[in-house]
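User: I'd like to learn how to read the features of a protein model. Could you walk me through a few?

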Amino acid sequence: MVQPAEEIDQLKQHLMQRWLTWGIAPLIVCAVLAGLLLVLWSHPGPIEGKQETRLAFEIVLGVGAAIFLAGFYIDGHWTSADRLARRIFEASGGETGDVPPEDWAKYGSNRSQLRSNAEIALNSIRASADAITLMGGAIGLVAIVSVIMGLPGIHVLQILLLQLFYQLFVFSRHPYYLRLAEAALNAELLPSSERKQKSA
C-alpha cells in the first residue's frame, strides 16, 4: 500500500511536471512564435488606425481575461475543500446518521474509510490542475492571432504577460493542492457540521 508521504511526493511531481510541460513550455513556444511573426510578418493585418487597433486589443485582451477567469472558476469548483470533503464523507458512509462529521471520524474504522476514499480528492486535484494548466496555452494562441491581426508588438507583449501571470497563478495553487491532498490522506478533510445540519 502506498504511504501518504509517497502519495504527496507523487502528486508534487505530477503537478510540477505538468506545469513545466503543459504550462511553461507552451508559453515559451508562443512567445518565440509571436516574436518571429512580428519580425518576419510582411503582410499588414486587417486592423488599421488607432481606433480599430484599440478596439481589437480590447477584444483579444477580453478573450485572454475570459480564459483566465474560466480557469479560476473551474479550479475553485473542482478543488473546493468543502465540496471534496462532502464527496469523501458520503462515499465513506458518513451520511447514515445525525452524528457530526468530527465525531463520526473519531472511530478507527470510519477514519480508515475516509483514507481509502482520499483518491476522490487526489483525482479532482489532478484533473483540475491539468485542465487549467493546459488552458493557459489558449492565451498564447490569442497572442499569435494578435500578431496576424496586425496589432503592434506592445499589445502582443501584454497578452504574453497575461499568459505568464496565468501560469504563475496556476503554480501558486500547488501548495493548496498539496495541503488538501495531505488532509484527505490523513482523514482530516471533513465537511463542516453546520452545513450538514442545514442539509438534514
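Analyst: Happy to! Let's begin with burial: a residue is buried under 20% relative accessible area, exposed over 50%, and partly exposed in between (1.4 Å probe, protein chains only). This is a predicted model, where local features need pLDDT of at least 70 and side-chain atom pairs count only at pLDDT 80 or more, while totals for chains, interfaces and linings use all residues. Residues are numbered from 1 along each chain as its sequence is written, and side-chain values use heavy atoms, leaving out hydrogens and water.

User: Is Gln167 buried or exposed?

Analyst: Gln167 counts as buried, because its relative accessibility is 1%. Gln167 sits in helix 7 (residues 153-172); helices are DSSP runs of H or I with at least four residues, numbered from the N terminus. The C-alpha atoms of Gln167 and Gly23 are 6.3 Å apart, although 144 residues separate them along the chain.

User: How do I read salt bridges, and how many does the structure hold?

Analyst: Side chains of opposite charge can pair when their charged atoms come close. The criterion is a side-chain nitrogen of Lys or Arg within 4 Å of a carboxyl oxygen of Asp or Glu. The structure holds 6 salt bridges, one of them joining Arg173 and Asp75 at 2.5 Å, N to O. Arg173 lies in the loop between helix 7 and helix 8, and Asp75 in helix 2 (residues 50-78), so this pair ties together parts 98 residues apart in sequence. Asp75 is buried, at 1% relative accessible area.

Key:
Helices (H or I, at least four residues) and strands (E, at least two) are DSSP runs, numbered from the N terminus.
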